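We'll go from the helices to the cores and then to the pockets.

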Amino acid sequence: AGAWIARTLTAGGPIQARSPAQEDHSNAPIVDSARLVSGNRYLLLIALAVIASTIVGTLVKYQFKAQTQAYFDADLDGIASFAGYFYGYISVVSLLFHATLSNRLLRTAGLSLTLFVLPVALFSGVIGLLLSSSIFAAVWARGADQGFRHSVDRSSSELLWVPVDSGIRNRVKSFMDVVVSRAADGVASLVLLALLYFEHTTTQQISWVSLAFLGFWIIVLWILRSEYLETLRTAIERPDISAEQLLRHLASSGPSSDLAARLASSDPHDVEIAVGQ
């Protein structure tokens with residue numbers, strides 16, 4: 001299907017390269033994007049949240065695999081069958097949750113609370129793995145990660161980009177999705193390798209490290225929620241555009257010639273009609 005789509009998109013001939021004058025900031029080098037992130041407190045907090053989230057998810061994934069292997073005593077057929085059923089069911093549950101509850105949860109609880117759904121769910125799962133190295137605790141931890149990460153957490157994360165200026169967002173978002181996420185995968189792998197360097201490291205001991213990163217993640221989100229509100233407030237106020245400039249812009253681009261006159265009228269009814277246009 002992907003090959004057919006690619007063939008259809010390119011059926012009109014080769015894509016013409018844009019001239020340097022047509023280039024926009026979306027093609028900025030990685031170094032420039034990294035500078036934008038490091039120099040902006042709000043974007044830096046988003047990057048730190050992505051890194052902490054990835055590390056915790058990687059550790060929980062390893063614990064799930066280790067507990068599954070121990071439970072089935074390295075029976076490859078049993079592990080494959082169990083994993084197939086688990087990921088199949090959790091995908092359906094995640095889809096249904098996202099389709100029916102994610103939007104309602106965002107509307108009722110707001111972004112400031114929905115950001116904490118995934119870390120709180122993972123916290124309960126990691127505590128379960130810390131207290132009991134059972135397959136049920138591993139299923140709950142991994143299920144919470146997969147169920148909420150691709151539903152309400154994904155929606156909440158996307159909403160964090162709403163108050164960011166479009167010029168900056170176009171340059172930084174791809175950098176976050178590719179470079180920061182992949183770098184976080186690398187850091188998570190290094191953390192896991194460091195833990196497994198010691199021969200007697202258990203899944204319960206790994207839970208302590210997961211709790212440390214979870215605590216860091218929650219602190220970052222707590223600061224991020226305040227930064228989000230401040231950034232959103234600044235974006236709404238738009239101090240660079242006055243009300244008079246906005247009215248002039250509306251008048252110059254209005255559909256009728258008398259729009260400017262109505263906006264300048266002392267009659268509130270005329271102004272109301274002009275704004276409606």
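Let's start with a term: buried means under 20% relative accessible area, exposed means over 50%, and partly exposed is anything in between, with a 1.4 Å probe and protein chains only. A word on ground rules: this is a predicted model, so local features need pLDDT of at least 70 and side-chain atom pairs count only at pLDDT 80 or more, while totals for chains, interfaces and linings use all residues. Residues are numbered from 1 along each chain as its sequence is written, and side-chain values use heavy atoms, with hydrogens and water left out.

So what is the protein built from? There are 13 helices and zero strands, where helices (H or I, at least four residues) and strands (E, at least two) are DSSP runs numbered from the N terminus. Of the 277 residues, 32% count as buried. Take contact to mean heavy atoms within 4.5 Å; among contacts with a separation of 6 or more, 74% are between residues 24 or more positions apart.

Helix α6 (residues 117-131) makes a handy geometry check. Its 15 residues should span 21 Å at 1.5 Å a residue, and the end C-alpha atoms are 22 Å apart, which agrees; the expected span is 1.5 Å times one less than the number of residues. Buried residues in α6 include Leu118, Leu122, Val126 and Leu129. For contrast, look at Leu101 in helix α4 (residues 76-109). At 39% relative accessibility, Leu101 counts as partly exposed. Leu101 and Ser151 are 50 residues apart in sequence, yet their C-alpha atoms are 9.2 Å apart in space.

Now for the cores. In soluble globular proteins, nonpolar side chains tend to be buried together. A nonpolar core here is a set of buried Ala, Val, Leu, Ile, Met, Phe, Trp, Tyr and Cys residues joined through side-chain atoms within 4.5 Å. The largest one has 37 residues, and those with the most contacts inside it are Tyr42, Leu43, Ile46, Leu160, Met176 and Trp217. Two or more residues of this core come from each of α3, α6, α7, α9 and α10, with the largest share, 10 residues, from α3. A second, separate core has seven residues, among them Ile55, Leu59, Ala188 and Val191.

A pocket is an open set of points on a 1 Å grid over the protein atoms alone, where a 1.4 Å probe fits, with protein on both sides within 12 Å along at least five of seven lines; lining residues have an atom within 4 Å of a point. Points are joined across faces, edges and corners, and a volume is the space filled by probe spheres set on them.

The largest pocket has a volume of about 760 Å³. Of its 27 lining residues, Val50, Ser53, Thr54, Arg149 and Arg154 are the closest to the centre. Which helix gives the most to this lining? That's α3, with eight residues. By class, the lining has nine nonpolar, eight polar and 10 charged residues, counting Ala, Val, Leu, Ile, Met, Phe, Trp, Tyr, Cys and Pro as nonpolar, Asp, Glu, Lys and Arg as charged, and the others, Gly among them, as polar.

The second largest pocket holds about 270 Å³. Its lining includes Tyr42, Leu43, Val164 and Ile168, and α10 supplies the largest share, three residues.
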